[in-house]
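My entries follow in the order I made them.

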Amino acid sequence: MAEAKGKGGSGRRKLSRSRYEQELFRLQTELVKLQEWGRGEGARLVVVFEGRDAAGKGSTIKRVTEHLNPRVARIAALPRPTERERTQWYFQRYTEHLPAAGEIVLFDRSWYNRAGVERVMGFCTPAEHQRFLRQCPIFERMLVEDGILLRKYWFSVSDEVQQQRFRRRLEDPVRRWKLSAVDLQSLTRWEAYSQAKDEMFVHTDIAEAPWYVVESDDKRRARLNMIAHLLSTVPYTDITPPVLELPPRPPATGYRRPPRDLQNYVPDHAAGLEK
């Protein structure tokens, strides 16, 4: 399942923004239903987002969680391990982020760091990498056996599109933080990352927790395809919320608020934009 080099995309016409936004909102509405079903049923959902740098994982996660309750659906994006964590069992720092009943956890990168960037960049030893490939299927089978709904998505992007996105990030002051020296190694080590991904799939694409590949040269399609697929794999139902009515506002009792000049107000920055 290696990713091809060269120009990506399937030649399909790009979705219009209006059609994309209409379908995205419909899918996000279904995600809210899934959330409420999970809360009612005590379900535990884990969604793993992996893939090439600049493949669109972060923007998809943003759309998934946009209208969800942050107390229910949270993102686990772990920083580099501390010196103490380096001495732990590899999966230990990830297990503490697993969901309790009624929760959804989206891993923006996950334990698969060891099979990808750590292996390619030499941040782990060959023995540690091989141990990961042996233990990971066992670890994931344990999660599934315990009742966790585990979904794994690999975002695939062509080298040409990846380079275009890197260039845009370099030029965009609000997205420049997304690039690091390690990220840029994706360009010079493209084949090494391909080999690492293919070997990872051989060992971890298991029946209990299969990988699903999301073609993401077109970000709009990728987001819709990923969310629609996730919804199709979870047997949620639409739980009707209780009917609520706004209570009548009670009449004033004569309370007088303190003068406005006793409070500190934020300056009206927006007013200057109108001149």
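Is Gln-28 buried or exposed? I find Gln-28 buried, at 5% relative accessibility (buried is under 20% relative accessible area, exposed over 50%, partly exposed in between, with a 1.4 Å probe and protein chains only).

Before going on, I note that this is a predicted model, in which local features need pLDDT of at least 70, side-chain atom pairs count only at pLDDT 80 or more, and totals for chains, interfaces and linings use all residues. Residues are numbered from 1 along each chain as its sequence is written, and side-chain values use heavy atoms, with hydrogens and water left out.

**Entry: Gln-28.** I place Gln-28 in helix 1 (helices are DSSP runs of H or I with at least four residues, strands are runs of E with at least two, and both are numbered from the N terminus). Setting aside residues up to four places away in sequence, Gln-28 touches Arg-63, Glu-66 and His-67 (contact means heavy atoms within 4.5 Å). With His-67 there is a side-chain to side-chain polar contact at 3.3 Å (a pair of N or O atoms within 3.5 Å; within protein, one must be able to donate a hydrogen and the other to accept it, and residues adjacent in sequence count only if both atoms are side-chain atoms).

**Entry: cores.** Which residues touch the most other members of the largest nonpolar core? In this core of 30 residues they are Val-47, Met-226 and Ile-227 (a nonpolar core is a set of buried Ala, Val, Leu, Ile, Met, Phe, Trp, Tyr and Cys residues joined through side-chain atoms within 4.5 Å). Elements that each supply at least two residues of this core include helix 1 (17–41), strand 1 (45–51) and helix 10 (219–233). Apart from this core I find another, of 25 residues, among them Val-46, Val-105, Phe-132 and Leu-150. Beyond four places in sequence, the contacts of Met-226 include Val-47, Phe-49, Tyr-153 and Phe-155.

**Entry: helix 2 and helix 10.** Ser-59, Thr-60, Arg-63 and Val-64 of helix 2 meet Lys-219, Arg-223, Met-226 and Ile-227 of helix 10. The two axes come within 10 Å and cross at roughly 50 degrees (axes are lines fitted to C-alpha atoms, for helices over the stretch in contact, and angles run from 0 to 180 degrees between N-to-C directions).

**Entry: Leu-179.** I find Leu-179 in the loop between helix 7 (159–171) and helix 8 (181–188). Leu-179 is buried, at 8% relative accessible area. Leaving aside neighbours within four places in sequence, Leu-179 contacts Phe-166, Arg-169, Leu-170 and Leu-184.
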